[in-house]
Amino acid sequence: MITLRKSTERGHADHGWLDTYHSFSFADYYDPQHMHFRTLRVINEDRVAGGGGFDMHPHRDMEIVTYVISGALEHRDSLGNGAVMKAGDVQRMTAGTGIRHSEFNYSPIEPVHLLQIWILPERKMLTPGYEQKSSGNGKAADGLQLVVSPTARDGSLKIHQDAEIYLGKLKAAAKASHALKANRHAWIQVFKGELELNGEKLTAGDGASVSEETALQLASPNGAEFLLFDLK
């Protein structure tokens with residue numbers, strides 16, 4: 001079963017410096033029909049204007065993943081980490097017992113476009129932690145590249161949950177596939193281009209939940225970029 005979550009159905013807020021879309025209930029956006037999907041709690045698609053950003057603020061008991069689509073994002077946290085994320089970079093932050101962080105557009109002029117993702121952890125009170133890496137020119141140059149997993153396999157970032165995140169990039173007319181094991185579910189979030197998921201058409205900003213399926217067939221007529229979440 002595939003259920004589409006169209007871009008225009010998401011929660012939206014424009015704060016001037018921040019233009020943000022929420023796939024699930026977040027902040028002032030509340031939708032009891034879209035609180036989460038499995039352990040996936042938040043997918044926010046943010047566009048932050050030059051010089052704008054999120055001041056230092058706290059989090060607890062959440063796995064937070066950030067993917068930069070375009071532009072550059074400066075990260076600082078209470079563990080002493082500081083880094084600039086560029087397009088294609090992936091960050092995993094374990095909030096655990098408590099962490100404070102800030103995220104600012106590194107450019108005073110150009111916008112930064114990113115996805116911020118929250119995943120419920122396998123347990124509370126984890127030790128806070130941080131990792132960042134570039135997706136580089138891996139398999140996702142045309143296909144699926146594992147970027148986050150519970151075992152850190154294939155060079156992926158380690159997450160404290162039975163969840164895997166794949167970065168998908170398909171050129172025009174390209175195809176890819178992903179097998180779902182028994183009792184597994186998936187979420188697809190498209191952020192560029194057009195994607196066909198088992199015959200269903202998605203465009204930039206669209207998402208889709210997948211349950212009771214064993215295989216995902218992915219194709220794109222004109223090229224697409226997306227994230228694929230494999231969830232228990």
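Visitor: Where does Glu212 sit?
Guide: Glu212 is in the loop between β19 (207–210) and β20 (215–219). Strands here are DSSP runs of E, at least two residues, numbered from the N terminus. The model is predicted: local features need pLDDT of at least 70, side-chain atom pairs count only at pLDDT 80 or more, and totals for chains, interfaces and linings use all residues. Residues are numbered from 1 along each chain as its sequence is written, and side-chain values use heavy atoms, with hydrogens and water left out.

Visitor: What is the phi of Glu212?
Guide: Positive, about 60°, although Glu212 is not a glycine.

Visitor: Buried or exposed, that Glu212?
Guide: Exposed, with a relative accessible area of 73%. The cut-offs are under 20% for buried, over 50% for exposed, and partly exposed in between (1.4 Å probe, protein chains only).

Visitor: And what about the phi of Met125?
Guide: Met125 is not a glycine either, and has a positive phi of about 65°. Met125 lies in the loop between β11 (112–119) and β12 (129–134). Its relative accessible area is 53%, so Met125 is exposed.

Visitor: Switching to charges. How many salt bridges are in the whole structure?
Guide: A search finds 11. The criterion is a side-chain nitrogen of Lys or Arg within 4 Å of a carboxyl oxygen of Asp or Glu.

Visitor: Which residue does Glu131 pair with?
Guide: Arg92, with the closest N and O atoms 2.7 Å apart. The pair links distant parts of the chain: Glu131 is in strand β12 and Arg92 in strand β9 (residues 89–94), 39 residues apart. Arg92 is buried at 6% relative accessible area, whereas Glu131 is partly exposed at 27%.

Visitor: What about Glu164 and Arg153, how far apart are N and O?
Guide: 2.9 Å, in a salt bridge between the side chains. Glu164 lies in strand β15 (residues 163–170) and Arg153 in the loop between β13 (143–149) and β14 (157–158), so the pair ties together parts 11 residues apart in sequence. Glu164 is buried, at 14%. Arg153 is partly exposed, at 34%.

Visitor: Which residues do shared partners join into one network?
Guide: Arg10, Glu45 and Arg47, through salt bridges.

Visitor: Zooming out, how many helices and strands?
Guide: Zero helices and 21 strands. A helix would need a run of H or I, at least four residues.

Visitor: What is the radius of gyration?
Guide: 17 Å, which agrees with the value near 17 Å for a compact globule of 232 residues. The radius is taken over C-alpha atoms, and the globule rule is 2.2 Å times the number of residues to the power 0.38.
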